[in-house]
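Here are some notes for your review. Please read them with the structure open.

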Amino acid sequence: MDFGKVKALLIAVFLGLNLFLGYQWWLLQKAVAVYSQPLSDQLANVQSELATHGVTLKAPVPENQPVMPQLHVNYSPVSLRGLSSALWPRSVRVQWPGLSAHVINSPFGSIRITSPGQFMENLNPHFAARQAKFPMKKLSQGLQKYLIKHGYNFASYQQLATYQKGSQTTVIYVQQYNGYPIFSARLTAYLSHGQLQSIRQTSFNVLGAANPRQVSSPISALLSLSQYMDKADLNADNTIQDIRLGYYSSVISDHGWYLAPVWRIDTTLGVFYVNAVTGEVGVGVA
């Protein structure tokens, strides 16, 4: 055995470990230094950190740090009969193709169950032109009034975001629990020239809550995002448009799964979810 090579390898490993631990220690000290400052200074420092990655902060930063549990959830069971009675008037004539079918039709349009807890409604253009077309300046108000009357379980949803591209508008609502949004349980409305085209919706059952913890601050979430960008070498012009606290998980199971409290950071290039307990950063769907 060449002890000289073994010794050199051990020294290299030792030096590499020291560099790694040193970097982690530097990040820790940096974070501690930030949190020991007044809030305004913390925010200024985080903005400076984000700026090194081309990120501009234009969203208001919340100040709340509530105690929030993890949520045990599964998909709400949906049926075509239940959906039709919620979305369409009782007087409407429904075409039932068969017990095993996943789609029904009526003069209002069609409803298709796409997967457990999820469905899509496509509106008949003639019906939508009369009942679901809204002035662009009052689109959000008009759409909300329509969904209150013709939506499925709409009272448990809150508006999250509106995206406009030319004549196409996408409005996203999310289910809520104790006033906090569940970001992965969405109702997405698609409109063209102010006329509602279709609705895609996902609905969850909350089976229980466990392990309540005080969540981290949004400043901490922004610092975690900056460190994530540093490690991922993300350096592109980007703007933070919204910071919001709620629940999310990218892990889904047929028998139920847990949603963690997260800070949702919406940017012009995408959406980031920062675990509000561990600080882990994930990339989500805009």
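Is Arg264 buried or exposed? Arg264 is buried, and its relative accessible area is 1%. Keep in mind that this is a predicted model.

1. **The Arg264 pair.** Arg264 has a salt-bridge partner, Asp266. Their closest N and O atoms are 3.8 Å apart. The cut-off for a salt bridge is 4 Å, so this pair qualifies. Asp266 counts as buried too, at 7% relative accessibility. Buried means under 20%, so the label holds for Arg264 at 1% and for Asp266 at 7%.

2. **The Arg244 pair.** Arg244 and Asp242 also meet through their side chains in a salt bridge. Here the N to O distance is 3.2 Å. Asp242 is buried, with a relative accessible area of 18%. Arg244 is partly exposed, with a value of 23%.

3. **His53 and its surroundings.** His53 sits in a loop, between α2 (39-51) and β1 (55-57). The residue is buried, with a relative accessible area of 7%. A polar atom of the His53 side chain lies 3.4 Å from the backbone oxygen of Ser226. Ser226 is also one of the residues that His53 touches.

4. **Helix α5, length.** Helix α5 covers residues 139-150, twelve in number. From first C-alpha to last, α5 reaches 16 Å. That is close to the 16 Å expected at 1.5 Å a residue.

5. Which residues of α5 are buried? They are Leu139, Gly142, Leu143, Tyr146, Leu147 and His150. Viewed down the axis of α5, these buried residues fall within an arc of 130 degrees, so they line one face of the helix. The face of α5 turned away from the buried side carries exposed residues: Lys145, Ile148 and Lys149.

6. **Helix α5, cover.** What covers the buried residues of α5? The cover includes the helices α3 (80-87) and α4 (125-131). It also includes the strands β5 (118-123), β7 (168-177), β8 (180-192) and β9 (195-202).

Note on methods:
Residues numbered from 1 in each chain as written. Predicted model: local features only at pLDDT ≥ 70, side-chain atom pairs only at ≥ 80, totals over all residues. Heavy atoms only, no water. Helix = DSSP H or I, 4+ residues; strand = E, 2+ residues; numbered from the N terminus. Buried < 20%, exposed > 50% of the residue type's maximum accessible area, 1.4 Å probe, protein only. Polar contact = N/O pair within 3.5 Å; in protein donor to acceptor, adjacent residues only side chain to side chain. Contact = heavy atoms within 4.5 Å. Expected span 1.5 Å × (residues − 1). Arc of directions from axis to C-beta. Lists of a residue's contacts leave out its neighbours within four places in sequence.
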